[in-house]
Amino acid sequence: MTGGALVGIATVALLLGSSASDLRVSLRTTAGAYLADIAAIAPVAGHETTFDYYERLNEDLVELDSAVPQGYAPEQWSQTVTRTANLDLDLATQLIHRSYRSMASVRGLAEILVRSSRDGTMQPAAVYVPSGYVPGRPAPLIVLLHGDPQSETQLLGAPYLATLADQTGAIVVAPWGRGYHDFRGSASDVYDALHEAQRAFTIDPQKRFLAGYSMGGFSVFEVAPDHPESWDAVMCIAGSILGSDSERVIARMAHTPFYILTGSADETIPTQYPTSTAAFLIAAGFDVSFYSQLGGNHRLSSLMPILTQSWNDMLRGIMRAPPPSFGKLALPAETSSNGRPP
């Protein structure tokens, strides 16, 4: 381990202070209780993902002692790790006690479970309700799909998304989707989370948005055509439409505006793929706003300038003219298990 990494760990430990020790104890204790009860939890949460929630607690313990990743300030990283761990603890505790928080009761950041319309299991979603939300006053809703490898708690654990939500009054709901690649096979969980949010909160019927980051940015083109009337706009962050999804999007989403974001230095999802997506949609007659962050990479934090602008544009119904010409770029045909084009 380098000297810089040791300094990073020491800085995070200092920022967390005694709360880190308390959090470690809670994670270990909860992990033990969860594992002891896992056979009973499995039919409630679904056999396919029940062990995933136990692994999250162990991963959180590792993250508490990890070095600050490149691109994060120590304070920002400590907030992200702490918030993610608390969400994972919240999820595990609800499953252990079979007692589930209602989405309507959430203020600020929390983890909830929604009963699946497909198989009756309880499926998790992270939720952020901004401080300015007032019941009875219509608020925008953004359903946000996570990347891979990433959980919904890791996505909303980052403090900058909460800041954006507070600034715009938008409620954000991030479903887990059972970890399925590109949300294929778990689109119903996304719509269950959407419908639960519409029951729980006063949602503006003209401001319901589907957004996705990385794998989630690919997934919006898979999920949105199932019920295009549910979405007033779609945002793709560091993702792309696949050739296999293109016909469904054209056939079912003719009146949907799209917001496409990319970092010019993204090595995970090369900028040519979001760019080709924007070009394809424009050529098909869609309204498209395209945003490119100069020097931005695949970290969501590096895209915050354009995410802030596009987030505000989407909520206000503003469409910005894309560059006059993208050239001829082919859509990717598929993605690999890590969300990258092959």
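Start your tour at the second largest pocket, whose lining has four nonpolar, nine polar and seven charged residues. Here Asp, Glu, Lys and Arg count as charged, Ala, Val, Leu, Ile, Met, Phe, Trp, Tyr, Cys and Pro as nonpolar, and the others, Gly among them, as polar. A pocket is an open set of points on a 1 Å grid over the protein atoms alone, where a 1.4 Å probe fits, with protein on both sides within 12 Å along at least five of seven lines; lining residues have an atom within 4 Å of a point.

You are looking at a predicted model, in which local features need pLDDT of at least 70 and side-chain atom pairs count only at pLDDT 80 or more, while totals for chains, interfaces and linings use all residues. Residues are numbered from 1 along each chain as its sequence is written, and side-chain values use heavy atoms, with hydrogens and water left out.

Now select Arg 56, Glu 59, Gln 150, Ser 151 and Trp 176: of the 20 lining residues, these lie nearest the centre of the second largest pocket. Its volume is about 290 Å³, taken as the space filled by probe spheres set on the points, with grid points joined across faces, edges and corners. Colour H4 next, as this helix gives the largest share of that lining, five residues. Helices are DSSP runs of H or I with at least four residues, strands are E runs of at least two, and both are numbered from the N terminus.

Move on to the largest pocket, with about 600 Å³ of space. Select Tyr 72, Pro 149, Gln 150, Gln 154 and Tyr 213, which lie nearest its centre among 26 lining residues. Helices H4 (50-64), H5 (74-97) and H6 (152-157) each supply at least two residues of this lining, and H5 has the largest share, four.

Last stop: Arg 184, which is partly exposed at 35% relative accessibility (buried is under 20% relative accessible area, exposed over 50%, partly exposed in between; 1.4 Å probe, protein chains only). Show its salt bridges, each a side-chain nitrogen of Lys or Arg within 4 Å of a carboxyl oxygen of Asp or Glu.

- Asp 182: the closest N and O atoms of this residue and Arg 184 are 3.9 Å apart, and Asp 182 is buried at 3%.
- Glu 222: this side chain meets Arg 184 at 2.6 Å, N to O. Arg 184 sits in the loop between S4 (171-175) and H8 (187-200) and Glu 222 in H9 (215-223), so the pair ties together parts 38 residues apart in sequence.
- Asp 245: the N to O distance to Arg 184 is 3.3 Å. This pair links distant parts of the chain, 61 residues apart, with Asp 245 in H10 (243-252).
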